[in-house]
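Reader: Before we go into detail, could you show me the structure and then take me through its features one at a time?

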Amino acid sequence: MGEVDRALTQLTRPDALDGMGGIALGQFIDFERDADDATLGGWGIVDVLHDRLTRLGIPILGGLPAGHGDNPPTIPLGTQATIDTAAGSLVIQPTVT
C-alpha cells in the first residue's frame, strides 16, 4: 500500500496530472485493509486513492473490470474517452477511424 501512496504523491506534486479530464481506475484485487501498516494508519487502497485523487477536482470512476484480474479488457492509452460517474460508465472511442 505504501508504494501506491508514494507513487500517487509523486504524480500529484509536480502537476504531472494537469490537463486530465478524469481518471478511470480498475479493480484492485488482493489489496486488503492493513490495520497494522503504521505508515498509512490502517488505510486501505480505496482510502489512499480517494485521499490523493479527489484533490485533483476531476471525475473519478473506480472498480472497472480492468487491471490485474481474470481476462482484463484492453484499454488503449492516448485515446478519447467519456467518464460518466453517475452511470458508472467509461466509453472509449475507437483508436482507428
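Author: Let us begin with a pair of strands. Helices (H or I, at least four residues) and strands (E, at least two) are DSSP runs, numbered from the N terminus, and two strands pair if DSSP finds at least two bridges between them. Here strand β3 (residues 81–84) and strand β4 (residues 89–92) pair in the antiparallel sense over 4 bridges, with D84 standing opposite S89 in β4. β3 and β4 form a hairpin with 4 residues between them, and G88 in the turn has a positive phi of about 70°.

Reader: What kind of model is this, and how are the residues and atoms treated?

Author: This is a predicted model, in which local features need pLDDT of at least 70 and side-chain atom pairs count only at pLDDT 80 or more, while totals for chains, interfaces and linings use all residues. Residues are numbered from 1 along each chain as its sequence is written, and side-chain values use heavy atoms, with hydrogens and water left out.

Reader: Which pattern does the protein chain follow along the sequence?

Author: The protein chain has 2 helices and 4 strands, in the pattern α-β-α-β-β-β when read along the sequence.

Reader: How should I read burial, and what are the buried residues of α2?

Author: Buried means under 20% relative accessible area, exposed over 50%, and partly exposed in between (1.4 Å probe, protein chains only). Of the 97 residues of the protein chain, 24% count as buried. In α2 the buried residues are I45, V48, L49, R52 and L53. Seen down the axis of α2, they fall within an arc of 105°, so they line one face of the helix; the arc is that of the directions from the helix axis to the C-beta atoms. V46 and H50, on the other side of α2, are exposed.

Reader: What do the buried residues of α2 pack against?

Author: Contact means heavy atoms within 4.5 Å, and the buried residues of α2 pack against α1, β1 and β2 (60–67). On α1, the buried residues are G2, V4, D5, L8 and T9. Their arc, seen down the axis of α1, is 160°, so they line one face of that helix. What covers them includes α2.

Reader: Why does R52 count as buried, and with which residues is it in contact?

Author: R52, found in helix α2 (residues 45–53), counts as buried because its relative accessibility is 15%. Leaving aside neighbours within four places in sequence, R52 is in contact with D5, L8, T9 and T12.

Reader: Which residues make up the largest nonpolar core?

Author: A nonpolar core is a set of buried Ala, Val, Leu, Ile, Met, Phe, Trp, Tyr and Cys residues joined through side-chain atoms within 4.5 Å. The largest has 9 residues: V4, L8, I23, L25, I45, V48, L49, L53 and I58. α1 (2–12), β1 (23–27) and α2 each supply at least two residues of this core, and α2 gives the most, with 4 residues.

Reader: Where is N71 found, and is it buried or exposed?

Author: Most residues other than glycine have a negative phi. N71, found in the loop between β2 and β3, has a positive phi of about 50° although it is not a glycine. At 74% relative accessibility, N71 counts as exposed.
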